[in-house]
Amino acid sequence: MKRTLSLWLGTLALAAFPVLAQAPAAQTGKIHGHVINPSGAPQSSGNVTAVLSNKPSEKGTVFQVNQSGEFSGELPPATYNLIFRQPDTPPDKQVDHIDNVKVVAGQTIEQDIDMSRKEYISSLPPEEQKKLEEIRKRNSEALKANEVIKNLNADLKTVGQEIHDADMARATAVQQLGAGATKQALDAKEAEIKNDKYGHAEELMTKDSAARPDASILWARLGQAQLGLKKYDAAEVSFKKALDIETASKKPSPDVQGLAESGLGEIYARQGKVPEATAAYDDAAKVNPAQAAFVYTNAAKIFYQVAQTAGDAKTIEAQIATADKALATNPDPKNPNTALLYYLKGQGMISAPGAVQEDPKTHKLTAPPGSVEAFQKYLELAPDGQFATDVKGILAGFNAPVSSSYKAGKKS
């Protein structure tokens with residue numbers, strides 16, 4: 001009875017502490033790698049056969065090489081020779097091999113078959129070695145060129161952002177200094193931001209245009225940066241360089257040509273060369289018709305800016321003419337620039353020397369034909385616009401009705 005009780009207690013103790021089940025040991029190991037051809041590029045086809053090192057005559061396990069030159073699979077633990085064959089290599093031949101590769105259960109082994117290694121190249125016939133050297137040289141040059149292009153594209157993206165930031169410099173100045181800042185302080189901050197942005201853009205494009213002097217876009221962007229810095233002579237040279245490259249190109253780019261011609265237009269406008277500026281803007285619109293409205297709108301703005309300081313008749317005439325051209329290419333009233341164009345047109349018309357007549361007795365002012373209509377159209381399209389107060393004052397000075405004869409569209 002005592003013996004029976006002891007056995008029962010022992011069984012109870014074992015039941016209280018169950019034995020945890022153990023996972024079965026891994027039965028295979030993983031292997032992967034890359035096959036690199038003698039030129040140093042990935043081998044995009046073929047297969048790798050793994051045969052036991054101590055039984056090389058036996059049939060092995062075959063792994064296919066993908067287009068990226070990669071192979072992978074699983075093998076029982078052992079030491080293998082890896083044999084690479086191209087698709088047309090006979091079964092009893094081989095292109096390359098790597099001996100004594102040890103595969104361990106539960107582990108991943110990486111083993112490349114690199115046919116660009118010195119030992120393999122040295123085993124090839126002299127004529128093949130010579131061909132490989134030429135291929136390697138061409139590949140090296142291509143890789144360098146690709147790296148240069150990659151860097152240039154990155155710089156162009158940066159410069160595009162820098163130029164955009166420079167265009168937004170006034171808004172940034174207001175944001176940084178606050179709406180209560182004086183005009184003098186805002187002007188100084190705006191100039192500081194522009195010099196910084198355009199300066200960095202000029203630095204990048206000067207470097208890149210020297211590296212790739214045949215890339216017209218680099219010269220065009222360099223010209224933009226120099227124009228922003230008011231380096232007009234240097235900018236003119238850069239824009240003309242871009243146009244020369246485009247003229248010689250089998251596939252000229254309308255975008256680059258338009259950018260360069262518009263840049264020349266602004267240079268000439270700011271230098272008071274109105275005929276040259278007008279011709280350049282017309283060329284920009286002609287070579288890139290899709291951007292004609294933008295080109296002429298920008299031209300009207302620039303002529304207006306110049307006229308505010310110079311005030312000469314030719315610049316004012318150009319302001320009116322380019323505003324009309326912009327309206328003709330894009331008269332869409334929903335376009336925010338359309339209202340501005342009517343203002344620029346009307347403002348130019350009343351600013352022209354002798355355009356506004358005053359009666360010596362009544363001192364009543366007579367507006368030049370078409371100017372009142374242009375101002376009324378502005379108010380119709382932008383009743384609360386930037387120049388609305390100014391326009392209402394002008395119309396009142398001519399005793400003209402503020403309400404427009406144009407029929408505004410119904411608001412939805």
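Me: Why are α4 and α5 called oblique to each other?

Reply: The axes of α4 and α5 cross at roughly 125 degrees and come within 8 Å. Angles under 35 degrees count as roughly parallel, over 145 as roughly antiparallel, 65 to 115 as roughly perpendicular and the rest as oblique; α4 and α5 are therefore oblique. Axes here are lines fitted to C-alpha atoms, for helices over the stretch in contact, and angles run from 0 to 180 degrees between N-to-C directions. The model is a predicted one, in which local features need pLDDT of at least 70, side-chain atom pairs count only at pLDDT 80 or more, and totals for chains, interfaces and linings use all residues. Residues are numbered from 1 along each chain as its sequence is written, and side-chain values use heavy atoms, with hydrogens and water left out.

Me: What makes α9 roughly antiparallel to α10?

Reply: Helix α9, residues 274-287, packs against α10 at an angle of about 160 degrees, with the axes 8 Å apart. That angle makes the pair roughly antiparallel. In the contact (heavy atoms within 4.5 Å), residues of α9 including V274, Y281 and D282 meet residues of α10 including V295, I302 and F303. The contact of α9 with α10 divides into 11 nonpolar, one polar and one charged residue. Ala, Val, Leu, Ile, Met, Phe, Trp, Tyr, Cys and Pro count as nonpolar, Asp, Glu, Lys and Arg as charged, and the others, Gly among them, as polar.

Me: Why are α8 and α10 described as roughly parallel?

Reply: α8 and α10 pack at an angle of about 15 degrees, their axes being 10 Å apart; the pair is therefore roughly parallel. S262, E266, A269 and R270 of α8 meet V295, I302, F303, Q305 and V306 of α10. By class, this contact of α8 with α10 has five nonpolar, two polar and two charged residues.

Me: What makes a residue part of the lining of a pocket?

Reply: On a 1 Å grid over the protein atoms alone, a pocket is an open set of points with protein on both sides within 12 Å along at least five of seven lines, and lining residues have an atom within 4 Å of a point. The largest pocket is lined by 45 residues, of which D167, E266, R270, N298 and I302 lie nearest its centre. The lining divides into 19 nonpolar, 16 polar and 10 charged residues. α10 gives the most to this lining, with nine residues.

Terms used:
On a 1 Å grid over the protein atoms alone, a cavity is a set of points where a 1.4 Å probe fits but cannot get out, and a pocket is an open set with protein on both sides within 12 Å along at least five of seven lines; lining residues have an atom within 4 Å of a point. Helices (H or I, at least four residues) and strands (E, at least two) are DSSP runs, numbered from the N terminus.
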